Amino acid sequence: MVKTENAPRRRLLLAVALAALAAVVVAAVLYGTAEPPGKVAEACPAASKALAAKLAPLAKGEVAALAVPSAPRLAIPLVFEREDGSKTSVADFRGRAVLLNLWATWCVPCRAEMPALDRLQAAAGDKGFEVVAVNVDTARLERRGPFLDGIGVKSLTRYADPSGDAFETLRQNGKALGLPVTMLIDRDGCEMGVVAGAANWDSPDALSLIGALKGG
């Protein structure tokens, strides 16, 4: 009689134990390949930390909104498209400094900011630096070209992410609340700072900042 009464309880305990084991297995699958908290930071060389310290006091005036990390980490490997539709990613720009900007045709601040980004590319773009402006429209993609033509953009390469995944990834990582959003990345692929919102990227303040980024 005692055994009969305890059987349901034993089955319940067994079910709970199996559920706990399953949770551990799922967690191992989901998170077992993730980098340990300190490992990403270790991937950035000492030179990146020194560069961040150099950039921090330059985040002023027209670029005061730039948040420079004290301990740089590798930039999130966002994927997007070149003009011909082929895929590229942040990692492909390793070896040169990058100003990565996400924008959309419906974004009013983007319209004001884009010409400044174009002028920055014309003034500072070379084999060691590029303004990588990525359109993140997911509908009515035919608007992208006329939008850029209409505001006189001539120097920027026309990158795009019609999937919207790049912005969503930054949003989930707490780096983007809206558009535009800009990330500075050094030649080692390490994130040097983020600006949420528009900035005057061809101002003297911005040119000094980008000059230091390139020199790092």
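This section describes the disulfides, a helix and its covering elements, the nonpolar core and selected salt bridges of a predicted model.

Two disulfides are present in the structure. In one of them, the sulfur atoms of Cys 44 and Cys 190 lie 2.1 Å apart, and this bond joins distant parts of the chain, since Cys 44 belongs to the loop between α2 (39-43) and α3 whereas Cys 190 belongs to the loop between β6 (181-185) and β7, at a separation of 146 residues. The torsion about the S-S bond of Cys 44 and Cys 190 is about -120°, and the disulfide is therefore left-handed. Both of these cysteines, Cys 44 and Cys 190, are buried. The other disulfide is formed by Cys 107 and Cys 110, with 2.3 Å between their sulfur atoms; here the torsion about the S-S bond is about 80°, so that this disulfide is right-handed. Cys 107, at 3% relative accessibility, counts as buried, and Cys 110 is likewise buried, with a relative accessible area of 0%. When the bonded cysteines of the protein chain are numbered in sequence order, the pairing reads 1-4, 2-3.

Helix α3, which spans residues 46-55, has Ser 48, Leu 51, Ala 52 and Leu 55 among its buried residues. These four residues are placed on the same side of α3 because they cover an arc of only 105° around the axis. In general terms, an α-helix has 3.6 residues a turn, so residues three or four places apart point the same way. The face of α3 turned away from the buried side carries the exposed residues Ala 46, Lys 49 and Ala 53. The buried residues of α3 are covered by elements that include strand β7 (191-196) and helix α7 (204-215).

The largest nonpolar core comprises 59 residues, of which Leu 100 and Trp 201 touch the most other members. When neighbours within four places in sequence are left aside, the contacts of Trp 201 include the residues Val 63, Leu 99, Ala 116, Leu 117, Leu 120, Val 195, Ala 206 and Leu 209, together with Glu 113 and Thr 182.

Eight salt bridges are found in a search of the whole structure. One of them pairs the side chains of Arg 96 and Glu 130, with an N to O distance of 3.1 Å, and it links distant parts of the chain, as Arg 96 is located in the loop between β2 (87-89) and β3 (97-103) and Glu 130 in strand β4 (residues 129-135), 34 residues apart. With regard to accessibility, Arg 96 counts as partly exposed at 22%, whereas Glu 130 counts as buried at 7%.

The closest N and O atoms of Glu 168 and Arg 171 are 2.4 Å apart. Glu 168 counts as partly exposed at 28% relative accessibility, and Arg 171 is also partly exposed, its relative accessible area being 40%. Glu 142, for its part, forms a salt bridge with Arg 140, in which the closest N and O atoms are separated by 3.9 Å; Glu 142 is exposed, with a relative accessible area of 55%.

Note on methods
Residues are numbered from 1 along each chain as its sequence is written. This is a predicted model: local features need pLDDT of at least 70, side-chain atom pairs count only at pLDDT 80 or more; totals for chains, interfaces and linings use all residues. Side-chain values use heavy atoms; hydrogens and water are left out. Buried means under 20% relative accessible area, exposed over 50%, partly exposed in between (1.4 Å probe, protein chains only). Helices (H or I, at least four residues) and strands (E, at least two) are DSSP runs, numbered from the N terminus. The arc is that of the directions from the helix axis to the C-beta atoms. Contact means heavy atoms within 4.5 Å. A disulfide is a pair of cysteine sulfur atoms within 2.5 Å. A nonpolar core is a set of buried Ala, Val, Leu, Ile, Met, Phe, Trp, Tyr and Cys residues joined through side-chain atoms within 4.5 Å. A salt bridge is a side-chain nitrogen of Lys or Arg within 4 Å of a carboxyl oxygen of Asp or Glu.
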